[in-house]
Amino acid sequence: MVKGAASMVAVVLVIALAMIQLVTAGGEEGISCGQVDAYLIPCVPYLTTGAGDPAPKCCDGVRSLKANTATADDRRAACGCVKAAAGRYPVKDEAASSLPTKCGVDIGIPISKAIDCQT
């Protein structure tokens with residue numbers, strides 16, 4: 001059970017990485033890794049297997065993440081959360097890069113574990 005939860009957190013973080021880089025709406029208080037994880041946990045099954053389509057709750061989380069990362073600082077913070085998790089857990093690169101399109105969210109850049117969160 002712990003391994004499954006860890007994989008879900010990793011997937012969530014990878015998705016957040018891409019989403020955070022391109023997000024343009026959102027809150028004013030800053031975003032935490034806990035918030036990023038909460039938005040993206042429903043995406044873990046899709047991100048770790050790459051099979052089928054992301055769940056509706058996953059896409060809701062991707063939209064919420066975008067809506068809550070209005071500033072460059074928020075996007076960098078979320079990116080760091082996602083990148084750290086991606087380094088520890090197996091996430092399918094193709095699933096991560098296709099997530100925004102499959103959810104109908106235009107973030108404008110490719111999602112990648114190799115992305116530079118500072119740019």
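First, how to read it. This is a predicted model, with local features needing pLDDT of at least 70, side-chain atom pairs counting only at pLDDT 80 or more, and totals for chains, interfaces and linings using all residues. Residues are numbered from 1 along each chain as its sequence is written, and side-chain values use heavy atoms, with hydrogens and water left out.

The chain has six helices and zero strands; helices here are DSSP runs of H or I with at least four residues, strands are runs of E with at least two, and numbering starts from the N terminus. Of its 119 residues, 44% count as buried, meaning under 20% relative accessible area, while exposed means over 50% and partly exposed lies in between, with a 1.4 Å probe and protein chains only. Take contacts, that is, heavy atoms within 4.5 Å. Among those between residues at least 6 apart in sequence, 87% join residues at least 24 apart.

Now α4. Its twelve residues, 56-67, should span 16 Å at 1.5 Å a residue, and the end C-alpha atoms are 17 Å apart, which agrees. The expected span is 1.5 Å times one less than the number of residues.

Which residues of α4 are buried? They are C58, C59, G61, V62 and L65. These cover an arc of only 155° around the axis, which puts them on the same side of α4; the arc is taken from the directions from the helix axis to the C-beta atoms. The face turned away from that buried side carries the exposed P56 and K57.

What does α4 pack against? One partner is α6, residues 93-103, at an angle of about 95° with the axes 10 Å apart. That makes α4 roughly perpendicular to α6, a label for angles of 65 to 115 degrees; under 35 is roughly parallel, over 145 roughly antiparallel, and the rest oblique. Axes are lines fitted to C-alpha atoms, for helices over the stretch in contact, and angles run from 0 to 180 degrees between N-to-C directions. C58, C59, V62 and R63 of α4 meet L99, K102 and C103 of α6.

Another partner is α2: its axis and that of α4 come within 7 Å and cross at roughly 145°. V36, Y39 and L40 of α2 make the contact with C58, G61, V62, S64 and L65 of α4.
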